[in-house]
Amino acid sequence: IQKFPHIQIKIVDSNIVFRGSSGYILNAELFIRQQLTTTLLFTLESDYPNDENYTLTRNLKSVTNMPIDLFGPLRWRWEAEQQVKVRTKMNVKKGTITVTVEGLDSQNQAVKKEFMSFLSWLRMCAVIRDPHAGVAPRVLKPQIRQQYRYMEERIGKITDPDRTSIDRWKSLKGPAAKRETRMEVVAWIAVSLFDCRLEGGFVRDWVVGDYSSKPTHIPPQQWVQYDPKSGMPILDRDLVPSDLDCHLPAAKPFDVEAFLDTLYGYGIIAKAFKQDWRYVILIDENTKTGPFTMDLIEPHIALTHDRIDFDVSNLSLEKLYTRDLGMRVDITGSPSWIQLETIVENIRRKEFQVLRPIDGENGPNTSGTVAERIEKMKSRGWNPIGKPLNIIPNPPPTYNAILVPYPASTVLYKNIVTAMQTINGARVISIEQIKNPDIESLYEYMRKTISKECRDNDPNERELYHGTSGDAVEGIINRGYDDRFFSKAGAWGHGAYFADDPRKSNGYANPDPKTTRRVIFYNKVLLGNESVQTKTDATLTAAPIDHHSVHGAGGWTGFQFHEYIVYRYGQALPYLKITSSPILILLLGPLMEEVFTAKTRYICQTEIRDKKIQFVKYDDDSVEEDFNANFDDNDDDEISSKLISIKQELKLQSSVSVSVDENAVKNSVPQTLQFVPTASFDQSNEAVSTLVAKIQGLLKAENWNDFAASQFVEITNELRRMDKANLQAFKDKSELKHLVPTFLNTVYSHDPDASLLNFNADTLTFTNPSSVYYLDNPSTELVDQVVQGASRLTTQQVVDFVVVAARILKTYKSRQDNIKDADNKIKQFKQAISRFLSNESGAKNDTKTAVLSAYAQLGLYDDQVMSLAIDDTAPLEVRYHALNAIRYISSVYLDDTEQSDIRQTLQFRLLRQLENKANKNAVRIWTFQALYSPFIYDSEISYLFGGSLEETLQEIVDEPLNQ
């Protein structure tokens with residue numbers, strides 16, 4: 001104020017207001033901006049930097065090795081529009097990117113948010129594309145080119161910088177001008193003047209297909225609506241072509257204002273809307289030909305779009321290629337072999353080839369899935385052809401193969417899960433598709449070779465299972481089924497063995513000693529002419545003459561399952577990697593000790609040798625004497641009779657870990673079942689009594705593996721399926737009052753793998769939410785599912801999801817070995833749920849309080865929390881939870897550079913709230929509690945208000961309640 005005495009400067013609601021002559025104001029604004037400029041430094045890095053097979057690690061390395069300045073357009077945009085400087089440094093050896101931002105703190109945070117959004121794209125992207133990937137534009141082959149002269153004319157109208165002004169005027173305002181010709185002119189400006197690349201529906205529908213349609217039930221003024229949450233324009237779905245999709249150039253700056261000015265110079269009125277990763281331009285909103293939109297996507301995001309749904313959506317146009325079509329993703333090789341001419345002819349016939357798994361094809365909710373997009377195409381008169389393919393980009397040059405999660409809502413995924421359920425105790429954790437271009441090429445060569453030697457050129461391709469373990473898992477992923485490593489001890493000699501039943505393959509998939517997980521591969525196998533054999537022949541090193549494989553027919557002694565053996569490298573292609581785990585690990589002993597309860601507690605110890613009970617000792621809390629029982633080898637039959645009188649609860653103590661995954665019993669846990677007291681049950685409720693009978697059957701189970709793998713799970717699931725009345729009847733039994741929580745909580749709490757059973761990743765619901773509070777070791781898979789699920793949350797799902805999910809993340813972080821990964825996951829979780837705190841989200845009060853409760857659990861904070869805390873119009877419960885979240889702020893999730901500013905802002909705002917006597921007493925007390933929280937409180941608070949803080953609190957206490 002002293003530096004600029006000629007103007008008035010005030011702070012009003014966190015805004016600086018200037019009054020005075022413009023010259024002085026501009027100088028003052030520049031000076032204040034310079035004083036407020038801060039530097040923010042952060043690093044884009046992988047959660048698992050040492051795991052080169054982890055998608056984010058691999059993609060970050062690819063970015064750091066790119067020859068172009070991938071973030072150039074982002075940097076130019078921020079400097080031109082906001083005077084913010086952004087610098088990026090590629091750390092090639094570490095595979096990380098250091099980002100430095102200089103600007104106002106709020107701007108710095110906005111830049112960081114964009115980079116974090118890019119990081120989330122990298123996580124989802126299988127392989128970030130090379131900037132020069134795809135298929136370069138070319139003309140069609142002469143034999144079909146003559147049919148599509150109109151197409152070449154339209155390509156030239158978009159890609160020829162020398163297009164005449166008269167021609168452009170005709171397309172804009174001539175007698176034949178229409179919506180599509182005006183779209184051509186806008187596309188010409190983007191491609192020929194601003195070096196963008198045009199892709200997507202406009203090329204398919206208009207340039208090649210010559211298709212157009214408009215809504216008949218509404219006028220052009222109503223063709224565009226605005227999303228109530230984001231404010232983005234949305235076109236009527238009946239419009240064809242719908243919009244223009246352009247990728248911005250990486251090699252030169254793009255100025256959106258200059259682009260809009262250029263459009264205006266042609267008499268085209270447009271408005272720009274900005275999202276983190278794109279501009280959306282609304283054009284011709286009030287023009288009689290009707291509005292359309294244009295997406296302008298920055299290159300760092302465009303290159304993460306590595307998959308395409310349909311072949312007909314893969315075409316692109318580039319500047320100076322005046323008759324040529326290109327492809328965004330190269331689909332000319334294996335396994336699709338789709339050429340440019342095929343795509344053009346498919347478009348003209350309104351046919352399309354699906355190029356990825358059809359997720360959502362069986363689900364009730366298909367929103368955002370390939371299944372939904374297929375239905376949209378079909379509603380416009382298009383028809384899918386052929387068997388859906390699954391095109392994954394090739395891995396980076398330094399990798400042999402990559403693994404990509406296979407969509408869980410596809411038919412194949414669900415069929416495999418169903419097949420795996422035939423294995424006792426197995427639960428599918430993940431299914432991943434393997435992309436190994438070298439093995440695929442070898443496999444395609446073998447397919448052609450074998451096809452020529454088979455009737456009707458049919459290579460007899462089958463989908464079969466193969467189980468393995470140890471180093472062989474990575475070997476198969478990277479080298480396929482290499483004949484140097486074929487089994488030498490197989491029943492049909494030196495070959496690669498496959499089965500059509502996963503139970504057979506599971507016998508060869510030994511569990512990992514650390515994780516107990518097993519791996520089975522789902523493969524494509526070229527059997528050709530099979531030699532069906534019902535006797536073994538271990539001398540075979542190749543299929544018999546005139547055959548390509550051996551089929552060991554099953555159904556005879558020692559060979560229950562069918563086996564299929566191939567003997568040549570490249571005759572089998574590992575397609576999917578199935579990872580499974582036993583359902584119950586380290587669980588049943590602690591479970592059974594609590595299932596049945598009584599008044600007196602015993603402490604029971606057993607000593608086992610050679611699977612025989614040698615010694616039993618128990619201490620009775622109600623009597624002074626100890627009881628000891630010794631057993632000879634022949635005493636097994638007498639055990640029950642000696643201990644049958646025990647009716648009290650037994651607390652079983654054993655330091656031996658429980659394993660249910662071995663064929664032989666190796667510890668004392670099964671024997672402890674014999675000490676569980678007998679209980680009687682009311683048989684009047686059939687549903688309850690049936691379940692009780694099953695539980696009693698468990699106590700008599702002879703086969704421990706069957707008990708663990710099937711019966712226990714069946715009972716647990718039956719408990720979960722019970723209606724409220726029967727479940728209440730079950731709980732009300734005095735003998736069973738602890739049974740339900742014991743079964744469920746023990747399953748979900750003590751076994752990290754089994755805890756996944758509690759969470760439905762499709763519906764984002766927890767079967768038994770209370771059990772989460774007993775969970776002491778959440779699995780990484782559960783945490784990943786929760787964080788990924790948060791990004792898909794709808795407003796209706798928030799209340800039942802976020803608080804429970806926050807508890808899982810908090811528990812996950814409590815383990816020392818998880819802290820760094822947990823912090824990253826929690827930041828992702830916050831980014832996903834923070835949107836529900838904004839007024840634009842339309843979230844109800846219970847939704848906001850749930851999110852704020854999650855914030856409080858995890859120590860999270862953002863400016864929206866403060867806004868709700870000081871909002872006099874907000875309901876009391878919302879303000880309470882906002883202030884409570886402030887009480888538990890953790891500095892871990894705040895950048896060092898912003899902590900001081902946040903602390904000072906909170907101190908100032910909260911002190912103002914505290915002094916405001918118009919606030920309800922409850923709000924003032926909650927505010928006082930927030931001020932005295934560890935993050936906010938310091939010795940300066942009191943004298944900031946002249947030592948009146950304690951006096952203010954006393955006033956609150958003395959005043960009568962005003963609510």
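Select Ile16 first, which lies in strand 2 (residues 15-19); helices (H or I, at least four residues) and strands (E, at least two) are DSSP runs, numbered from the N terminus. This is a predicted model, in which local features need pLDDT of at least 70 and side-chain atom pairs count only at pLDDT 80 or more, while totals for chains, interfaces and linings use all residues. Residues are numbered from 1 along each chain as its sequence is written, and side-chain values use heavy atoms, with hydrogens and water left out.

Ile16 counts as partly exposed because its relative accessibility is 38%; buried means under 20% relative accessible area, exposed over 50%, and partly exposed in between (1.4 Å probe, protein chains only). The areas come from the Shrake-Rupley method with a 1.4 Å probe, and for residues only the protein chains shown count as cover.

**The whole chain**

Zoom out to the whole chain, which holds 34 helices and 33 strands. Of its 963 residues, 50% are buried, and the chain exposes about 45,600 Å², of which carbon and sulfur atoms supply 49%. Among the contacts in the chain with a separation of 6 or more, 70% are between residues 24 or more positions apart, a contact being heavy atoms within 4.5 Å.

Then go to helix 28 (residues 845-858), where 14 residues reach 20 Å from the first C-alpha to the last, close to the 20 Å expected. Helix 28 is mostly covered, with 11 of its 14 residues buried, among them Lys848, Val851, Leu852 and Tyr855. To see what covers these buried residues, show helix 26 (795-813), helix 27 (819-833), helix 29 (863-869) and helix 30 (876-887), which are included in the cover. Just after helix 28, Gly859 takes a positive phi of about 75 degrees.

**Buried residues and their contacts**

Select Arg182 in helix 8, which is buried, with a relative accessible area of 5%. Leaving aside neighbours within four places in sequence, Arg182 is in contact with residues including Ser171, Gly267, Asp284 and Phe292.

Next comes Asp324, in the loop between strand 14 (315-317) and strand 15 (325-327). Asp324 is buried yet has no salt bridge, and the nearest side chain of opposite charge, Arg323, is 4.9 Å away. A salt bridge is a side-chain nitrogen of Lys or Arg within 4 Å of a carboxyl oxygen of Asp or Glu, and for charge Lys and Arg count as positive and Asp and Glu as negative, with His and the chain ends not counted. Beyond neighbours within four places in sequence, Asp324 is in contact with Pro137, Arg138, Val139, Ile155 and Leu317.

Move on to Ile450 in helix 15 (residues 437-452), which counts as buried at 0% relative accessibility. Its C-alpha atom and that of Leu526, 76 residues apart along the chain, are separated by 7.8 Å, and Leu526 is also one of the residues that Ile450 touches, not counting residues up to four places away in sequence.

**Loops to finish with**

Select Gly470, in the loop between strand 20 (461-468) and helix 16 (471-479), which is exposed, with a relative accessible area of 59%. Gly470 and Arg518 are 48 residues apart in sequence and 9.6 Å apart in space, C-alpha to C-alpha.

Most residues other than glycine have a negative phi, and most peptide bonds are trans. Asp195, in the loop between helix 8 (179-193) and strand 7 (197-199), has a positive phi of about 60 degrees although it is not a glycine. Asp546, in the loop between strand 24 (530-533) and strand 25 (549-552), has a positive phi of about 70 degrees and is exposed, with a relative accessible area of 65%. End at Pro241, in the loop between strand 9 (233-235) and strand 10 (243-247), where a cis peptide bond joins Val240 and Pro241, with omega about -5 degrees.

Definitions and conventions: Expected span 1.5 Å × (residues − 1).
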